[in-house]
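Subject: Structure handover

Hi,

Here is the structure I promised you. Please open it and keep it beside this email as you read.

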Amino acid sequence: MEEMATGAYRSPTYYELSAPPGLDWRPYRPKSYADYRREWDRRGREGDPGGFPLHLDIDPTNRCNLACVMCPRTVYLREGRSEWAPGGLGDMDFALYEGLILGSAPLGLKSVKLNFLGEPLLHPRIADMVRLASGSGLWVMLNTNAQLLTRDMSRELLEAGLTDVFFSFDSPYPEEYERIRRGADYNRTLSNIRGFMEEKERLGKKAVQTRASMVLPLGGTEDTLKAKADYMALFRGMGVAEIGFGLPTEVGLDYSTLPGPDSFLCPDLFRRVFVFHDGVAGPCCGDWERRLVVGDAAAQELAEIWHSAAYRSLRAAHLGGRHKEVPACRACSVPYLSGLEA
């Protein structure tokens, strides 16, 4: 993600307005955090996987309490497809999670994010997951729709060592929000987020990053511009530091048929790995259909997966300008939405 002169961070499908001085959490973090982020950027820029992943994305559960209209999970459930969850719905076994964290932290892992296909707060031991990772010296991130983020849960997560929380909230307007996030209650969600922010302030957790993000329709309009302004006012008024806006990905579309770059080097292949709730490992946040399986964390060490033949082959395709030869990469919107207005 590229930092822009305006204070925004932009990637092809997402941009983020960074915190104003009064809400900035960065000054409260140690130098080691800045070093980690520089290495994050370097690996993606230079195509260097190093010896071990910097970041681990874990899906604590593939269960969810909502049916958001733009979510691939919603699409697959509606169509009766099972490739995204071949074993059905379930939670990650805590012993598997514990082995991943305790085995990876000494080898160079710097951060973990608890979210992928499900709502992480549904996992009965989510606070224990945060506590274990934080106690192992990792930066601990979590995406949530905030429906279950009660005051008690907020306090428990913050005291467990959560360092970054990202609220997924897709409209500043009640009717539109509830149309998009089916099953959610606008007022309850906002109350929960306010409660989290108040607990964060009460506990003096100035180094905790907070972010609210929404998915925008393709093509900027006056209505979109107004929604963005109202969204910013709503969350900055609560003290949320970062504001993010993203573009949607259409499930099943072959993006390689659209105008876009002939070659694309995906930076995430060189810095992070994703582990589904059942231990299956993949390289990509958009590979919901498990077409790019690179290992099984329930049976292999993460270092073995990171340097597996499958991972090396995928990286070589990108480094060689052949990303369009990979079916899952052709379904990725990132290279092809870069010229569209959000």
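Predicted model: local features only at pLDDT ≥ 70, side-chain atom pairs only at ≥ 80, totals over all residues.

Residues are numbered from 1 along each chain as its sequence is written, and side-chain values use heavy atoms, with hydrogens and water left out.

Start with Arg 73. It sits in helix α2, residues 72-79 (helices are DSSP runs of H or I with at least four residues, strands runs of E with at least two, numbered from the N terminus). Arg 73 is buried (under 20% relative accessible area, 1.4 Å probe, protein chains only). It has no salt bridge (a side-chain nitrogen of Lys or Arg within 4 Å of a carboxyl oxygen of Asp or Glu). The nearest side chain of opposite charge is Asp 59, 7.4 Å away.

Next, helix α7. Asp 185 caps the N-terminal end: a side-chain oxygen lies 3.1 Å from the backbone nitrogen of Asn 187. After α7 comes Gly 204, with a positive phi near 70°.

Last, strand β10, residues 272-275. Arg 272 and Phe 274 are buried on one side, Val 273 and Val 275 on the other. β10 pairs with β4 in the parallel sense over four bridges (pairing needs at least two DSSP bridges). It pairs with β11 in the antiparallel sense over two bridges.

Best wishes

Terms used:
Buried < 20%, exposed > 50% of the residue type's maximum accessible area, 1.4 Å probe, protein only. Lys, Arg positive; Asp, Glu negative; His and termini not counted. Polar contact = N/O pair within 3.5 Å; in protein donor to acceptor, adjacent residues only side chain to side chain.
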